[in-house]
Amino acid sequence: MTDAPVLQIRNLSKAFGPVKALSGVELELRRGEVHALCGENGAGKSTLMNMIGGVLQPDEGEILIDGQPVAIASPAAAQKLGIALVHQEIALCQDATVAENICMAAINARRAPLMNYGEVYAQAEKAMNQLAPIPVRTKVADLSISSQQLVEIAKALTLDCKVLILDEPTAALTETEAQRLFSIVRDLKARGISVIYISHRMAEIFSLCDRVTVFRDGRYVATEAIAATSPDDVVRKMVGREITQLYPDKLPADAAPGLSLLSVKGLSDGSRFANVDLDLKAGEILGIGGLIGAGRSEIAQTICGLRQASTGSVALDGKPLAIRSYADAVQAGLVYLSEDRKGSGVFLDLSIAANVSALDLGKLTGRFGLLDRRAEADQATNLAKRLGVRMAGIDAPVSTLSGGNQQKVAIAKQLSVSPRVIIMDEPTRGIDVGAKVEIHRLLRDLASQGVGILVISSELPELIGLCDRVLVVREGAIAGELGAGELDEEAIIMLASGVQPTPAHQAQVNHVA
Amino acid sequence: MHADIKATGPSRSSFARLASMREAGLIVIILALCIAMSFASPHFLTWGNFRAMLMSFSIEGIVVVGMTILLIVGGIDLSVGSVVCFSMVVSGALFLMGLDPWTASLIGIAASALIGAVMGFFVTVVGLNHFITSLAAMVIVRGLCLVITKGTPLSLFTLPPAFKAIGQGSFQGIPYVIIIFVVVVAIFDFLLRRATAFRKVFYTGSNEKAAQFSGIKTNQVKFWVTVLCATLSGFAGVIYMSRFGAATPTFGAGMELNIIAAAVIGGASLKGGSGTIFGAILGIALLSVVSSSLILLNISVYWQDMIKGCILLAAVSADHFLHTKKS
């Protein structure tokens, strides 16, 4: 074994046209190390990973593997050098089986004219079973998003790699699956494999990684040993300014409960969930926690008429609602922010103004069914200003905005109808810390103005930091409620999984605490 | 990732500029072609030739309007040529059975709308895609035309002069066909930019899921746009009948390709969400100027399809190049 780092990045720069994505960044990855890479969206993490993975070529600087400068001309070249990259976005062939996806590189390299399915299945099973018992003969399209993410990781594990890059691997995983992934990462580390771990979640980074490197605006900021730093310190380096308070103040404990805004009784959809009761009061932020797939989004979508309810009632401001379609809910003042921003939240190629007005065109329609473009522009300008959307102008397409600003546009759309209650499904997923703090503040402001805020989140720190009260959903039913004094990660995990926390959970929770 | 940096650029969005560039670019190409042709052929720069060119794409232009809106919603209609013919044949047959030509034409247009409604049903209720549904409709409707006419053209020389005037007459030297075309284009171009109902077409085509999550009934939107496209095809069909004084059961075969090509050259995306009527009309004008030029240059008509195909490829490649360069 040499002392040279497995992978070293020296003074690397990359520009896209006039935009400098990276300028002179450094990174050093030691053998058998789990190295976290942090930075807000746009800091240049993914650009760097794409250069290490052979997808992009650097303009300047060098990449050294085992002390030798290398040119990584293509993803295949990266694989040959022992670099495996798991992208944040799932890139699997949806119509092929799990096994065919996992063994894609091996099949591609194979010389024989016919497929050897026996071998493919055996190999795939071996890789898959380390993570989760997903049958390798199923089609990828039939799997949930979290299972697909696990297949992506299994695919990387089959490559005989010495550097494994994981780009936000837990974004779509449940807590249990994430734990399993962590133990695999520890196992890989013990086998001498080095891992670059990209994540926004401080809890994961601090329980899993040895060192952390922070980028900001395409520049290298610092590398620290995890033991010598703190989550606050890392966040500070990421945003480049002091964030005094990650979460806004909660309701004071002695505040009188407000009037009931949204009241749901005995709601069932006949398949995914049954007999759900919830009561959202004015002034509070009510959280809904639970594992992915527990039925949280389905409950929310059914409340506002995006899915069909079989039994149950929904009342707004004490008045029962008859909701046959989502348009009815919007009319009544009940809106839903989708968890899938790009897939169903915004119209990427339409202008910011057109996005903001999508929810209620009637309001902007003048005589003869024509749109009042001045009213539309005014509405978009006002809401964009109120939410602090950073944009070129309201005519710019939403695709030109960063993730956080896209999400603000999606929220502006909800606010355009002056709603009584907003249900927010993963309001800050994949958003950088700065925008996250702004959105949390906004939600708190709205709540104190009397707008009902219901937040579904898979991020435990968000539920704990933001919400006054959290309902935990397990397998389509409310498993329990946690009030202000009882909110901690352990309590939520226990309710969500229905079991006592495992030692691994305990270890993680303790470590973070 | 570098998007947020880009968003701080000049205030007018790059997207709007690109869209207007597409139309400006087409105008420049058409003008350049016209100037070049005016040197190459003394007949090109005459009112007679221009009128002929305008006439040649005016009726097709009405179908292009419907197709463009359908492309914006994310659909496509391969049956437009068949539906044009169907409207012609139905109206013609009813006229021959003794109905007055105006009523016969209205029934022909209504029958075309009905075909659109059936396609809309299969797309929205059954859940098939526009491509397959309209491919089937193209063949079925063509078959219907052959059944109705028993395969032989209907001779309609007995059509009253007032009806024939739509396709053959003119006002102050301007053919009615061109006037109708300009009015249809002006109406739909305006509506598409300004009417609330048509804004929903853009929402649905840009991101159907997000449109649903905004309370828009996307199936209704897709249904009515499908009906609209077929209705405009039917309308074009009766104008053709008036123009030709005949109804041929094979008329309009292959027309759909010209029409889709025109819309795409004009900037409509096959993925939905973008397109303009003005652009599409420039697209069909370009194709028509090229056809006319080839004829005046005495180039064999056999070259026409090949050259049109190359123009389509060039337009789409240019678009692709501009878009990938942008991101």
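Visitor: Why is A:N11 counted as partly exposed?
Guide: The count for A:N11 is 13 C-beta neighbours inside 10 Å. A residue is buried if 20 or more other C-beta atoms lie within 10 Å of its own, exposed if 12 or fewer, and partly exposed in between, with C-beta atoms placed from the backbone; A:N11 therefore counts as partly exposed. This is a predicted model, in which local features need pLDDT of at least 70, side-chain atom pairs count only at pLDDT 80 or more, and totals for chains, interfaces and linings use all residues. Residues are numbered from 1 along each chain as its sequence is written, while chains are lettered from A and ligands numbered from 1 in the order in which they are written.

Visitor: Where does A:N11 lie, and what is the value of its phi?
Guide: A:N11 is part of strand β1 (residues 7-16) of chain A, where strands are DSSP runs of E with at least two residues and helices are runs of H or I with at least four, numbered from the N terminus. The phi of A:N11 is near 55°, which is positive although the residue is not glycine.

Visitor: Is B:K150 buried or exposed, and what makes it so?
Guide: B:K150 has 8 C-beta neighbours inside 10 Å and therefore counts as exposed. B:K150 sits in the loop between α6 (130-149) and β1 (154-155) of chain B, and it too is a residue other than glycine with a positive phi, about 55°.

Visitor: What makes B:A263 a buried residue, and which residues is it in contact with?
Guide: B:A263, in helix α12 (residues 255-265) of chain B, has 31 C-beta neighbours inside 10 Å and so counts as buried. Two residues are in contact if their C-beta atoms, placed from the backbone, lie within 7 Å; leaving aside neighbours within four places in sequence, the contacts of B:A263 include B:V64, B:M67, B:T68 and B:L71 as well as B:A268, B:G275, B:A280 and B:G283. The C-alpha atoms of B:A263 and B:L71 are 8.2 Å apart, although 192 residues separate the two in sequence.

Visitor: Why is helix α9 of chain B called mostly covered, and what do its buried residues pack against?
Guide: Nine of the eleven residues of α9 (residues 196-206) of chain B are buried, among them B:F198, B:V201, B:F202 and B:Y203. The buried residues of α9(B) pack against α3 (47-72), α8 (176-194), α10 (208-212) and α11 of chain B.

Visitor: Why are α7(B) and α11(B) described as roughly perpendicular?
Guide: The axes of α7 (residues 161-168) and α11 (residues 218-244) of chain B come within 7 Å and cross at roughly 105°. Angles under 35 degrees count as roughly parallel, over 145 as roughly antiparallel, 65 to 115 as roughly perpendicular and the rest as oblique, so α7(B) and α11(B) are roughly perpendicular to each other. The contact is formed by B:F163, B:K164, B:I166, B:G167 and B:Q168 of α7(B) together with B:I239, B:S242 and B:R243 of α11(B).

Key
Axes fitted to C-alpha atoms, helices over the stretch in contact; angles between N-to-C directions.
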